[in-house]
Amino acid sequence: MEESGEGIAKDKETWEKRHFRGGKNTERQETFRTDSDLSIARVYTPSDLEGMEYARDLGFPGEYPYTRGVRPNMYRGRFWTMRQYAGFGTAEETNSRFKYLLEQGQTGLSVAFDLVTQIGYDSDHPLAEGEVGKVGVAIDSLADMEVLFAGIPLDKVSTSMTINAPAAVLLAMYVALAEKRGIGQEKLAGTIQNDILKEYMARGTYIFPPAPSMRLITDAFQYCAENLPNWNTISISGYHIREAGATAVQEVAFTLADGIAYVQAAVDSGLKVDDFAPRLSFFFGAHANFFEEIAKFRAARRIWAKIMRERFGAVDAKSLMLRFHTQTAGSTLTAQQPEVNTVRVAFQALSAVLGGTQSLHTNAWDEALALPTESSALLALRTQQVIAHELGVADSVDPLAGSYLLEKLTNDLEEEVWRYLAKIDELGGAVRAIELGFQQKEIQASAYRYQMDIEQGNKVVVGVNKFAGEEVPPQGLWQTDPRVENDQKEKLALLKKGRNPAVVQAHLEQLRRAAAGEENLVPPMIAAVRDYVTLGEICGILREVFGSYEKDSFVRA
Amino acid sequence: MENQRRIRVLVGKVGLDGHDRGAKVIAQALRDAGMEVIYTGLRQTPAQIVEAALQEDVQVIGISILSGAHNHLLPKITELLAAEGAEDIPVIAGGVIPYEDRTFLEKSGVRRIFSPGTATTEIVRFVRELARQG
């Protein structure tokens, strides 16, 4: 039986008067707010969900608007993919960490590349000095990929690659590697991040200006639509936007605005929306404010479904589904009392599972200090396995639906996100807004507010501004082998000497012509990497044709 | 009159690292504390940092680095400063820098390494102190 929301609202008023008038039942704070500054009420009732319609706003799992999840049975079918981001040093070292994680029950791979690779240089470039193999594995050519994936069945394991500006080149290497092993590219499953807009906005590993970057992205969309049906052609990422300081609302809004820009670019280049949209995927962070995070994932799904159906006229159900990877929030890890990070990570991971994530990375406790060791990486993986196998939270789909608080927060978040999307449209879309610095300014203001909240004690971080103790530097942290850079350079020199320079030159000229024209760049890239043309050589040619993105630097304040 | 001049600080990102949240928060905090702040933007070489510091006549250089390349890049900055006869400009740094590396960096002339979680007020205080000494 439905009770009238109005009646309940009235009863609530009476209840408030009875219990809170005249200084009774005082509270810890005057107001309670989420990380996105949404107001949290003392108690929620059906009157907060007035006007909500189950079929329209929630629906059933696996059906429009996908608020409750993209699969009809979610984790009752199979758990999310446990996918730990890993990579350091040389391909050999990373290969053995991959094998170790797979042996320990990890179900997908996720490659971390070093910055040199991410910015499209070879390890022997002057700007690579000191950076080779540091934040990820160093990849210069197909030869390194052969070692990185040695003994790993590419037709059975899905591989996610955090690579953006040169994503098409790494995709080409993966395809060429599979081909060498006799595995058809149609069998490959995985993801390239391939999301340049958030690089300009928050992450910083851009190479080329926006227009040619968008072309590289749509070239990958098109190539994969025709040849790699199981490949996620992009992972539209809010994670780094959030890590740079954005609120949950801004994270979703700026990410979906980027999504709109990519879909529009692909449609403008002549692709049909339902030919590529089913392979778009997303990536979000999981932060500490538990309920807001769960509401965020649910709201994001509902908004994206509406955008795809109403704005782009997509009809394939898969085009409407926001499938996403989640990583627990690196920026919430503390260098102080770092063991406590294990607890933070567990709760953040739980919010991602309750929010219906498709895959998950849990951070290791020592990552505010260094890359994770084998044992800290294992504990992080075990955390996911405990959530999956011991808590029972994966046994019913979208178990928190119907919570007055959660549904209200989901609605409130959605409303705030639409407001930002309208603003970005007004500015001329995500690319233009980034050029104007709109998102960057919003993110920076949130980052500063967050820091001031901590310093002024409005926000407690355990072990940092409260419950702080004497700092004991932890022992046994990860150290990258200092010989990596030289080893990698020697390997590269040897490789370059062993090639036929005329063949390399011919590939580079072919690429130059393709880049200057309009043909899809992925096929000539595959042809080039097959003959061990390096990442730095390919990106070097593209730099010559496309130019480099120059961000405004030297800001005087 | 000299001590009434606003303190001038260069906040820099060196190497290929793209994490600029910390650098921007620190830059804003120093500015809110009344200092004049020049933020270099991303991907500066040590030579570009030193050149900017000299050109802008700053009293303190603050480097943010989360890429693990600190042991290579920070000593380069102090070396280049010394080569320019500007070793009196103090260099401080923050980011993801393991405790084990601090002694080495301090020996190479970096005045102080701040760990994640340091309050901006503490950094403001330290920069003021450095500027006063200089």
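The model is predicted, and it scores ipTM 0.94 and pTM 0.96. In chain A, 9 strands form an open sheet with parallel pairing, and over all chains the count of salt bridges comes to 41.

**Confidence in the model**

- Chain A has an average pLDDT of 95, and 98% of its residues score at least 70, while chain B has a mean pLDDT of 95, with 97% of its residues reaching 70 or more.
- Where pLDDT is low, the predicted coordinates should not be read in detail.

**The sheet of chain A**

- Going across the open sheet of chain A, the 9 strands come in the order β5-β4-β3-β2-β1-β9-β8-β7-β6, and their pairing is parallel.
- The edges of this sheet are formed by β5 (231-232) and β6 (234-237) of chain A, each of which pairs on one side only.
- Strands of a sheet pair through backbone hydrogen bonds, and the pairing can be either parallel or antiparallel.
- Strand β4 of chain A, made of residues 190-192, is joined to β5(A) by 2 bridges, and the two run parallel.

**Helix α21 of chain A**

- Helix α21 of chain A covers residues 522-530, and its buried residues are A:Val522, A:Pro524, A:Met525, A:Ile526, A:Ala528 and A:Val529.
- These buried residues of α21(A) pack against several other helices of chain A, namely α5 (142-148), α6 (167-180), α8 (210-227), α20 (501-516) and α22 (535-546).
- An α-helix has 3.6 residues a turn, so residues three or four places apart point the same way.
- After α21(A) comes A:Tyr532, which has a positive phi, near 65°.

**Salt bridges**

- A:Glu251 and A:Lys296 form a salt bridge in which the closest N and O atoms are 2.7 Å apart.
- This pair links distant parts of the chain, with A:Glu251 in helix α10 (residues 248-268) of chain A and A:Lys296 in helix α12 (residues 290-311) of chain A, 45 residues apart.
- Both partners, A:Glu251 and A:Lys296, are buried.
- Another salt bridge joins A:Asp425 to A:Arg311, with the closest N and O atoms 3.0 Å apart.
- Here too distant parts of the chain are linked, since A:Asp425 lies in helix α16 (residues 404-427) of chain A and A:Arg311 in helix α12 of chain A, 114 residues apart.
- A:Asp425 is partly exposed because its relative accessible area is 38%, and A:Arg311 counts as partly exposed because its relative accessibility is 41%.
- Through salt bridges that share partners, A:Asp35, A:Arg242, A:Glu251, A:Glu293, A:Lys296 and A:Lys459 are joined into one network.
- In chain B, the side chains of B:Asp17 and B:Lys13 meet in a salt bridge with an N to O distance of 2.7 Å, and both of these residues are buried.

**Single residues and their surroundings**

- B:Lys24 is found in helix α1 (residues 21-32) of chain B, and B:Lys24 is buried because its relative accessible area is 17%, which is under the 20% cut-off.
- Leaving aside neighbours within four places in sequence, B:Lys24 is in contact with B:Tyr39 and, in the other chain, with A:Gln444.
- A:Thr342 lies in helix α14 (residues 341-354) of chain A, and A:Thr342 counts as partly exposed because its relative accessibility is 25%.
- Not counting residues up to four places away in sequence, A:Thr342 touches A:Trp365 and A:Leu379.
- The C-alpha atoms of A:Thr342 and A:Glu251 are separated by 24 Å, the two residues being 91 residues apart along the chain.

- A:Val460, A:Val462 and A:Phe467 make a nonpolar surface patch of about 280 Å².
- A:Phe467 is found in the loop between α18 (438-455) and α19 (484-497) of chain A.
- A:Phe467 counts as exposed because its relative accessibility is 56%, which is over the 50% cut-off.

Note on methods
Residues are numbered from 1 along each chain as its sequence is written. Chains are lettered from A and ligands numbered from 1 in the order in which they are written. This is a predicted model: local features need pLDDT of at least 70, side-chain atom pairs count only at pLDDT 80 or more; totals for chains, interfaces and linings use all residues. Side-chain values use heavy atoms; hydrogens and water are left out. Patches are made of residues with over 30% relative accessible area and no salt bridge: like charges are joined within 9 Å, nonpolar side chains (Val, Leu, Ile, Met, Phe, Trp, Tyr) within 5 Å. Accessible areas come from the Shrake-Rupley method with a 1.4 Å probe; for residues, only the protein chains shown count as cover. A salt bridge is a side-chain nitrogen of Lys or Arg within 4 Å of a carboxyl oxygen of Asp or Glu. Helices (H or I, at least four residues) and strands (E, at least two) are DSSP runs, numbered from the N terminus. Buried means under 20% relative accessible area, exposed over 50%, partly exposed in between (1.4 Å probe, protein chains only). pLDDT is the predictor's confidence in each residue, from 0 to 100. Two strands pair if DSSP finds at least two bridges between them. Contact means heavy atoms within 4.5 Å.
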